[in-house]
Amino acid sequence: MFSRIFKVGLIALLTGGTLAGCGAEPSGAPQGSDVDCAIGPGADYSTVCTLEQAADEGGAFFLIHHPDGGFRRVKYDAATGDLAAMDGADTLEDRSLDPDAVREFAIGEDRYLIPAEMLVSASE
């Protein structure tokens, strides 16, 4: 009985190891443009986030990658210039003083400064 259980466990281990090696390679660093962000309460702005354009069945949106691996999905409406958070319970608070130059917004405790031309050119 023990050897039968051992064989089944060994087969599962070997098969699992083989399957774990299959699939896509890790994607590495996010592709996009570096942007200023302040992640977490009391953080100062620094150029450590990456803005990446993406799309799904709902249309184009942006991923803002954090240095710790976290990210935010943000919808930009080119017709109105509106920004909206796409995920989670936190809403996007637009704090832009000059939305034609720099978009400043917060989602939860995280804050972002993104040149407006990056949003406009990437959404065209």
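Me: Leaving aside its neighbours within four places in sequence, which residues is arginine 103 in contact with?
Reply: The model is a predicted one, and contact here means heavy atoms within 4.5 Å. With neighbours within four places in sequence left aside, the residues in contact with arginine 103 are Tyr76, Gly81, Leu83, Asp94, Ser96, Tyr112, Leu113, Ile114, Ala116 and Leu119.

Me: Is arginine 103 buried or exposed?
Reply: Arginine 103 has a relative accessible area of 4%. The cut-off for a buried residue is under 20%. Arginine 103 therefore counts as buried.

Me: Which backbone oxygen does the side chain of arginine 103 reach?
Reply: The side chain of arginine 103 makes a polar contact with the side chain of serine 96, at 3.3 Å. It also reaches a backbone oxygen at 2.7 Å, and that oxygen belongs to glycine 81.

Me: In which strand is the place of arginine 103?
Reply: From the N terminus on, the elements of the chain run α-β-β-β-β-β-β-β-β-α. Arginine 103 falls within residues 102-107, and these residues form strand E7.

Me: What is the order of the strands in the open sheet?
Reply: The secondary structure of the chain comes to 2 helices and 8 strands. The open sheet has 8 strands with antiparallel pairing, in the order E5-E4-E3-E2-E1-E8-E7-E6.

Me: Which strands are the edge strands, and what does the twist average from one strand to the next?
Reply: An edge strand pairs on one side only, as do strand E5 (83-85) and strand E6 (92-94). From one strand to the next, the twist averages 35°.

Me: Which residue in E2 is the bridge partner of cysteine 37?
Reply: Strand E1 (residues 33-38) and strand E2 (residues 46-56) pair in the antiparallel sense, over 4 bridges. For cysteine 37, the bridge partner in E2 is serine 46.

Me: Is aspartate 77 buried, partly exposed or exposed?
Reply: Aspartate 77 is placed in the loop between strand E4 (71-76) and E5. Its relative accessibility is 33%. Buried means under 20% and exposed over 50%. Aspartate 77 therefore counts as partly exposed.

Me: How far from the backbone nitrogen of alanine 79 is a polar atom of the side chain of aspartate 77?
Reply: Aspartate 77 and alanine 60 are 17 residues apart in sequence, and their C-alpha atoms are 9.0 Å apart in space. A polar atom of the side chain of aspartate 77 lies from the backbone nitrogen of alanine 79 at a distance of 2.9 Å.

Technical notes: Residues numbered from 1 in each chain as written. Predicted model: local features only at pLDDT ≥ 70, side-chain atom pairs only at ≥ 80, totals over all residues. Heavy atoms only, no water. Buried < 20%, exposed > 50% of the residue type's maximum accessible area, 1.4 Å probe, protein only. Polar contact = N/O pair within 3.5 Å; in protein donor to acceptor, adjacent residues only side chain to side chain. Pairing = 2+ DSSP bridges. Axes fitted to C-alpha atoms, helices over the stretch in contact; angles between N-to-C directions.
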